[in-house]
Amino acid sequence: MKNYLTIVALTGSLLPFQCLAQHREAVIAAENAFAAQAAQAGTRAAFLANSAPTALVAENGRLANAQEVWQARPAQANTRLLWYPVLADVAQSGDVGYTTGPWNVLKDGRPQASGEYVTVWRKQPDGTWKFAVDMGIERIGSAPAKAATVPQPRLQVAVATPSMAPSSVVLDVDRRFAEAELSKPGATYQQYLSAEARLYRPGLSMMQGAAAVANMKNLDSGYAFAPTTGYLAAAGDLGYVVGTLRRFATAKHPEENGSYLRIWRREAVAGWRLVLEVFNLTNPPVDAAAVPVPAPENVSGSAGPSKRAQ
């Protein structure tokens, strides 16, 4: 009888982990299916099919409705957008998760641009997964290799704590971070960053873990962040916030404007920690009088700053 009860208890304790693994696999499958559809049917069709009605993307640093953006964007012949996830996480409640990894644009088989993307996934009322936010950057440096299995964060997540106000909880966390960061930017990032955080900035290599903490420690001036919307999983362990950012010019750097996406995770030991942050910046205006106009045959369209911009 004791052996039977022990087996039952062990089986019960394993169920949450089995469910979590199934949720992760569902998010990874959704991302891979998204990428496969883009390769077969084109990026425009894939984005329209995989974005939620209220999904957001960043267009030149500005948040916009994904469906509206991709309805208006024409398909581009002989252009392919390729990507794959290198990290995936999901809430214990199985209603929200995210994936991140490298993207590459090819035109006529030749590389045109590359970068990093972040996709936030939400389970829809019909049980399907659609993305709620998609944001990315162009970067320097080589892309991480595609692994046979997509890893998850190593640090243990906190026990699920259902919340009756999912949006306000994660928005409050984000606001507290933003307020503190304005007065003590480097110290605030040090305090809030997870030990395995990922930071994506346009034109830079990804900052991860201890390197991210060390780099942000020396941040000389803060950003003015204004959250637009956010969502916290029903389990109260994983959430995201999107909004706008501004950093005033100093002697060391020009003014920056754009949008941000932050993913917050409640870790078992450290509590709420910033596990991923991506900035999508608005390109500064160009003085037309100072730039020579190229001949018509040399003019080409430019890719937008969104993760999968073609």
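A word on the ground rules: because the model is predicted, local features need pLDDT of at least 70 and side-chain atom pairs count only at pLDDT 80 or more, while totals for chains, interfaces and linings use all residues. Residues are numbered from 1 along each chain as its sequence is written, and side-chain values use heavy atoms, with hydrogens and water left out.

Let's start with the whole chain. The protein chain has 6 helices and 13 strands; these are DSSP runs numbered from the N terminus, with helices being H or I of at least four residues and strands E of at least two. Of its 310 residues, 46% are buried, where buried means under 20% relative accessible area, exposed means over 50%, and partly exposed lies in between (1.4 Å probe, protein chains only). Among contacts (heavy atoms within 4.5 Å) with a separation of 6 or more, 64% come from residues 24 or more positions apart.

Now to the aromatic side chains. A pair of aromatic rings is described by the distance of the centres and the angle of the planes. The rings of Phe, Tyr and Trp (its six-membered ring) pair here if their centres lie within 6.5 Å; planes under 30 degrees apart count as stacked, over 60 as edge-to-face and the rest as tilted. The structure holds 17 such pairs. In one of them, the ring centres of Phe177 and Tyr192 are 5.3 Å apart and the planes stand at 80 degrees, so the pair is edge-to-face. Phe177 belongs to helix α4 (residues 166-183) and Tyr192 to helix α5 (residues 185-192), 15 residues apart. Both Phe177 and Tyr192 are buried.

Another pair, Phe225 with Phe279, is tilted, at 5.9 Å centre to centre and 55 degrees between the planes.

A charge sits over a ring if NZ of Lys or CZ of Arg is within 6 Å of the ring centre and within 35 degrees of the ring normal. The charged end of Arg201 is placed this way over Phe279, 3.6 Å from the ring centre, and Arg262 lies over the face of Phe225, at 4.2 Å from the ring centre.

Follow α5 onward to its contacts with helix α6 (residues 209-217). Gly186, Tyr189 and Gln190 in α5 meet Val213, Met216 and Lys217 in α6.

Helix α6 also contains Gly209, which counts as buried because its relative accessibility is 8%. Leaving aside residues up to four places away in sequence, Gly209 touches Ala195, Glu196 and Ala197.

Finally, look at two asparagines. Most residues other than glycine have a negative phi. Asn60, in the loop between β1 (51-59) and β2 (62-65), has a positive phi near 50 degrees. Asn78, in the loop between α3 (66-72) and β3 (79-83), has a positive phi of about 60 degrees. Asn60 is partly exposed at 24% relative accessibility, whereas Asn78 is exposed, with a relative accessible area of 56%.
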